[in-house]
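Welcome! Take a moment to look over the sequence and the 3D view, and then let us walk through them together.

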Amino acid sequence: MTVPAGERGTTTVAPRAVRRIAERAAAEALPDGGSVLRGSAGVRGTSARISVGVRLPYPVRADEAARRIRERAAARTAALTGLSVPRAEVRVDTLSAGPAPEVPEAVEAAPGPAGGRPGPRIRAERRVPAAVLAAVGVVVCGLVLADVVAVRFGGAPAGWRTAVLDWAATHGPADSAVRIGGAVAALAGAWLLGCALLPGLRRRLRMAAPGPGVRAALDRDAAARILRERTLGVPGVVRARVTVRRRRAGVRAGVGYGDPAEVRAEAVRVLDAALLELGLARPPALRVRVRREAGMPPPVPEESVVAVERPDAAGRPDAAGRSDAPTGSDVVGRPDTAVDGTPGARGGLRDGGEA
């Protein structure tokens, strides 16, 4: 017996269940030391949209790890819920720093993925401007609609609408209030156009695309922390300050010991390798400054060490280079002998002298 389609019933998977499944699926693809922070999901018809925020251990290739997590979460969610997952997002929110890695002696510069081409720009979602605009539109449209419906059913128009119409009829473009209102409206429109057209997220650096349709970005603060850790790992560096911009990375290092020129050369080598390991599409230009810390003595050159020859009793060294004459320390250690050979406190002469 065939049951009509209208009597078969429906199966609905709640967004909360989809979110739990996506979080569990993402946890299955995490590297050792990573964890799932939070996730979200939305269901519309037979499709679902999932988003998962994760914490990854450092150091790790964030783009490759995020790609594995995204593919695993989308495939497992679709298989377990029966919904299609056309879009899955993975956000790397934080990095858990483990023990400081040793500075490698030599790092081979490998070309970035996909030939170093930048991936598509990640655009800001503009949630706050969209929410404000939607709230204002709902309030204004709701008031106007309620007043129009009331008038259509025989009611009197609202006082605020009559007052606005009367004010607009008596004021022209030459009035200051109209000009100020027009300027404010123009600024608001320019701001909304900027929110719609500009990508935003200026604090993130674009990474090379690991694959087609994959977008990856690295936060500037995370890049600065990585470069600072590498700088502190250079021998001789006791303090470091790093600032990362879109086109330039500045490093100021304090040298506690060693030659500042050699320390700077080693820091440049290590930081160049670290910039390549970040996987950025356009690595920023590196600028390194070193300065000796206050209170640290400068290095003593080897030429300043002078050998002192000890003479014998007659003022000449013997054949073996030894001397029998008392040194300064021997003189100080004998309270009974003065420096010039005169009798000391005990009143006696040595080496055959008479009392």
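## A positive patch

Which residues form a positive surface patch? They are Arg241, Arg245, Arg248, Arg252, Arg287, Arg289 and Arg291. Keep in mind as you look that this is a predicted model.

Two elements give two or more residues to this positive patch: strand E7 (248–255) and strand E8 (285–292). The largest share, 3 residues, comes from E8. Arginine 289 sits in strand E8, and its relative accessibility of 39% makes it partly exposed.

## The protein as a whole

Stepping back, you will find 8 helices and 8 strands in the protein. Of its 355 residues, 23% are buried. The protein exposes about 24200 Å², and carbon and sulfur atoms supply 57% of that area.

Contacts tell us about the fold too. Among those between residues at least 6 apart in sequence, 61% join residues at least 24 apart.

## A nonpolar patch

The surface also carries a nonpolar patch, formed by Val128, Val132, Val136, Val139, Val140, Leu143, Val144, Val148, Trp160 and Val164. Together these residues have about 860 Å² of accessible area.

Helix H3 (127–152) and helix H4 (159–170) are the elements that give two or more residues to the nonpolar patch. H3 provides the largest share, with 8 residues. Valine 144 is found in helix H3 and is partly exposed, because its relative accessible area of 35% falls between the 20% and 50% cut-offs.

## Salt bridges

Side chains of opposite charge can pair when their charged atoms come close. The structure holds 13 salt bridges. One of them joins aspartate 147 and arginine 161, whose closest N and O atoms are 2.0 Å apart. This pair links distant parts of the chain, with aspartate 147 in helix H3 and arginine 161 in helix H4, 14 residues apart. Is aspartate 147 buried or partly exposed? At 6% relative accessibility, aspartate 147 is buried, while arginine 161, at 23%, is partly exposed. Elsewhere, salt bridges that share partners bring Glu28, Arg72 and Arg76 into one network.

Another salt bridge pairs glutamate 23 with arginine 19, with the closest N and O atoms 3.3 Å apart. Both residues lie in helix H1 (residues 15–28), 4 residues apart, which is about one turn of the helix. Glutamate 23 is buried at 18% relative accessible area, whereas arginine 19 is partly exposed at 23%. Arginine 61 and aspartate 63 also meet through their side chains in a salt bridge, at 3.0 Å from N to O. Here arginine 61 is partly exposed, with 32% relative accessible area, and aspartate 63 is buried, with 4%.

Notes: Residues numbered from 1 in each chain as written. Predicted model: local features only at pLDDT ≥ 70, side-chain atom pairs only at ≥ 80, totals over all residues. Heavy atoms only, no water. Patch = residues over 30% accessible without salt bridge, like charges linked within 9 Å, V, L, I, M, F, W, Y side chains within 5 Å. Areas by Shrake-Rupley, 256 points an atom, 1.4 Å probe, with all protein chains shown as cover. Salt bridge = Lys/Arg side-chain N within 4 Å of Asp/Glu carboxyl O. Lys, Arg positive; Asp, Glu negative; His and termini not counted. Charge placed at Lys NZ, Arg CZ, Asp CG, Glu CD. Buried < 20%, exposed > 50% of the residue type's maximum accessible area, 1.4 Å probe, protein only. Contact = heavy atoms within 4.5 Å.
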